[in-house]
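Open the model in your viewer and keep the selection panel at hand. Each stop below says what to select and what is there.

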Amino acid sequence: MIVLGLEGTAWNLSAALVDESRVLVEKSSTYVPAKGGIHPREAAQHHADHMAEVVGNVLQAARENGWQMDAVAFSQGPGLGPCLRTVATAARVLSLRFGIPLVGVNHCIAHIEVGKWNTGARDPAVLYVSGGNSQVLALRQGRYRIFGETLDISVGNALDKFARSVGLPHPGGPRIEELARSAGQYIPLPYTVKGMDFSFSGLSTAASEAARKHELADVCYSFQETAFAMLVEVTERAMAHAEKKEAMLVGGVGANRRLGEMLDIMCRERGGRFFLPERKFMGDNGSMIACTGLIMLRAGVTTPLGQSQVRPGYRTDEVEVVWA
Ligand code: AMP
Ligand code: MG
């Protein structure tokens, strides 16, 4: 089986073909805001401008190699409305043009499924941290339940906001990680865990203020230590509560080495196992949509045209995980 996957929930437009065992081809085009953060309509325009080129390159590879597609998977949500609509329109056209079914994929679930596929994790508690989301999830009674999540902004968004406020380019995460390595001391910042949920808005603001009085490297380091300790605490509690022996880190912020290291330590201390997917599967990518689409298709799940409307607020626990 071969499935085409289209991703474009936010900044990255990406198309990929996968079969059961590997990624056959992936092409992407990244929207970079001229200034500030992501502007939804500008990002959607970027996707529209580059759709023909990105998808065209993947289809050309399919023709050259004689790959026959069995379905078109697309990220149906959650994400930015205008971006989702652009991608869904392209997916519908391709489905009609090739006479193959559509598979509407939940973007968060795609991060989890590609992570499991890539690492061999079987039933992990998942920490999903990205520019748009921060959640702790685990499979329970046939659905990916959300055990904890942010009460305001995502951790990636908090890192990017702080970075912008101190004049670092977007996205801020990688630069903050780099600066944190040369820190000399920890500066106390607000640590906010409420029940199983966390909050990052106050931390981001406090860090911006602290940067006026302290070395930037020290603030970057303290931001990471504080935010990541919050995430690790909730992940550990989810593992205990849901009786999971594995943890997995996914999403763009998962590229951060320090966060992976902290989760690894936590898992080892409780006799569990930690799984970290390859970097190319961490940020938003077309392969994760194709991979999840293929798993769903194999389980007999397809999306009729009339139910292919985009779902900007699509929650993971709305999806019945019939393939698990
Ligand atoms: P995503 O939405 O999954 O594509 O992830 C994008 C987010 O990941 C942005 O907020 C980035 O700042 C963040 N990010 C990327 N690399 C790193 C890193 N090394 N450390 C922390 N955050 C990162
Ligand atoms: Mg994502």
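Start with Asn 106: its side chain reaches the backbone oxygen of Arg 315 at 3.5 Å. That is a polar contact (a pair of N or O atoms within 3.5 Å; within protein, one must be able to donate a hydrogen and the other to accept it, and residues adjacent in sequence count only if both atoms are side-chain atoms). A polar atom of the Asn 106 side chain also lies 2.9 Å from the backbone nitrogen of Cys 108. Asn 106 is found in strand β5. Helices (H or I, at least four residues) and strands (E, at least two) are DSSP runs, numbered from the N terminus.

Two notes before moving on. This is a predicted model, in which local features need pLDDT of at least 70 and side-chain atom pairs count only at pLDDT 80 or more, while totals for chains, interfaces and linings use all residues. Residues are numbered from 1 along each chain as its sequence is written, chains are lettered from A and ligands numbered from 1 in the order in which they are written, and side-chain values use heavy atoms, with hydrogens and water left out.

Asn 106 counts as buried, at 3% relative accessibility. Buried means under 20% relative accessible area, exposed over 50%, and partly exposed in between (1.4 Å probe, protein chains only). Now show the contacts of Asn 106, where contact means heavy atoms within 4.5 Å. Not counting residues up to four places away in sequence, Asn 106 touches Gly 77, Pro 78, Tyr 314, Arg 315, Thr 316 and Val 319.

Two of those names lead to the next stop. A cis peptide bond joins Gly 77 and Pro 78, with omega about -5 degrees. Pro 78 sits in the loop between β4 and α2 (81–98). Pro 171 belongs to the loop between α4 (155–165) and α5 (172–180).

Next, the metal. Which residues coordinate the magnesium ion (ligand 2)? They are His 107 (NE2), His 111 (NE2), Tyr 128 (OH) and Asp 284 (OD), at 2.2 to 2.8 Å. Along the chain, these donors follow the spacing H-x3-H-x16-Y-x155-D. His 111 lies in helix α3 (residues 107–119) and Tyr 128 in strand β6 (residues 125–129), so the pair ties together parts that are 17 residues apart in sequence. Both His 111 and Tyr 128 are buried. Donors are N, O and S atoms within 2.8 Å of the metal (3.2 Å for Na, K and Ca); water is not among the atoms, so sites may look incomplete.

Asp 284 also points the way to ligand 1. One of its backbone N or O atoms lies 3.5 Å from an oxygen atom of ligand 1. Gly 252 has a backbone N or O atom 2.8 Å from a ligand 1 oxygen. A side-chain N or O atom of Glu 177 is 2.8 Å from a nitrogen atom of ligand 1. The protein covers 91% of the 510 Å² of accessible area that ligand 1 has on its own.

Now select residues 286–298, helix α9. Its 13 residues reach 18 Å from first C-alpha to last, close to the 18 Å expected at 1.5 Å a residue. The expected span is 1.5 Å times one less than the number of residues. Is α9 mostly covered or mostly open? Mostly covered: twelve of its 13 residues are buried. The buried residues pack against β1 (3–7), β2 (12–18), β3 (23–30), β4 (71–77), β5 (102–106) and α3. Asn 285 caps the N-terminal end of α9, with a side-chain oxygen 3.2 Å from the backbone nitrogen of Ser 287. After α9 comes Gly 300, whose phi is positive, near 85 degrees.

Go to Leu 127, in strand β6. Leu 127 is buried, at 0% relative accessible area. Its contacts beyond four places in sequence include Leu 249, which lies in strand β11 (residues 246–250). Leu 249 is likewise buried, at 0%.

Finish at Gln 141, in the loop between β7 (134–140) and β8 (143–149). Its phi is positive, about 45 degrees, although Gln 141 is not a glycine. Gln 141 is exposed, with a relative accessible area of 74%.

Terms used:
Accessible areas come from the Shrake-Rupley method with a 1.4 Å probe; for residues, only the protein chains shown count as cover.
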